[in-house]
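Please consult the structure as you read.

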Amino acid sequence: MPKHDTSPPSPPVRPGDLRQATAWLNHHGLDTTPTPLLAARLAVRRRARIAFHITLAAMIIAASLARVQDLLARAFLGRTEPDLPLSLLGLTVSVAALLVVQALIFRWVRRADRRAGALLSRRVAHTLQPGWRAVLGLPHAAFTAATLAAAFLLATSALTVDDTTVRHAALILMVGLAGVAASLALQLRDLLAGPVVAEDEASLTADVVMRVEDARDLTAPTVPWTLPVVLLFGTAPLWWNVASMALILIGVAVAHIVATRTPSTVTVARQAMSTR
């Protein structure tokens, strides 16, 4: 009597997603065959990453519009003082809306992971739940914290300038940076708390590699580098402009050192698995 396959069916997957999964495995030197589950998880992450970067760009645009509103009011309405409550309220609402969108994006990724986990015919024994040191690593965490601290310090120093235009832009900058910091903390917490989805050693390695990639992408300092220049460069004093450019140049150099001196995502994954 023939045996019936009782394992759950694999999700439908596009041929292009399978090709992308093969390329991803080859890029990381993982000698395994892409499964439909892995292809589906990678496809969701790829699309979520694009959507996440769009929200970051929208956040920069929203902050810029708040700044432009002030400049237009001065140029065409003859205002000598910025309409601070209105523009800050508008920016705060915009940042809150973008944070909600980002939370929905990452919830989509977590739901995709849960669906993939439910379809596994078996789970690996003794799965691991890597913490922030294993996933993000101390150098990346320190670099992220230092970059945000430096950007906040720049915003605070601009508040001491005797110019209402500069102080107004500095407050807008602080609201934007606070939104970025809050989003980063929430997404990292959810990333670290997400369940491991793996059925063997190969898929466990791929799962940890995806976590490390997600964490490093989340902590990319794009907004803390961009927002100070967009909002204040040209209107702030010379010393502040020099400091904002130094933040970017030194940041790029440190980011290069961190990227070249820290282990690859695959090495990090294998180190984490060796502690099981």
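Buried means under 20% relative accessible area, exposed means over 50%, and partly exposed lies in between, using a 1.4 Å probe and protein chains only. The model is predicted: local features need pLDDT of at least 70, side-chain atom pairs count only at pLDDT 80 or more, and totals for chains, interfaces and linings use all residues. Residues are numbered from 1 along each chain as its sequence is written, and side-chain values use heavy atoms, with hydrogens and water left out.

Q: Is Asp-17 buried or exposed, and what is its relative accessible area?
A: Asp-17 meets Arg-46 in a salt bridge (a side-chain nitrogen of Lys or Arg within 4 Å of a carboxyl oxygen of Asp or Glu). Asp-17 itself is buried, with a relative accessible area of 10%.

Q: How far apart are the closest N and O atoms of Asp-214 and Arg-45?
A: Asp-214 and Arg-45 are both buried. These two residues form a salt bridge, and their closest N and O atoms are separated by 2.8 Å.

Q: Which residue forms a salt bridge with Asp-217?
A: Asp-217 counts as partly exposed, at 22% relative accessibility. The closest N and O atoms of the pair are 3.2 Å apart. The partner is Arg-49.

Q: How many salt bridges does a search of the whole structure find?
A: Side chains of opposite charge can pair when their charged atoms come close. Across the whole structure, the search finds 12.
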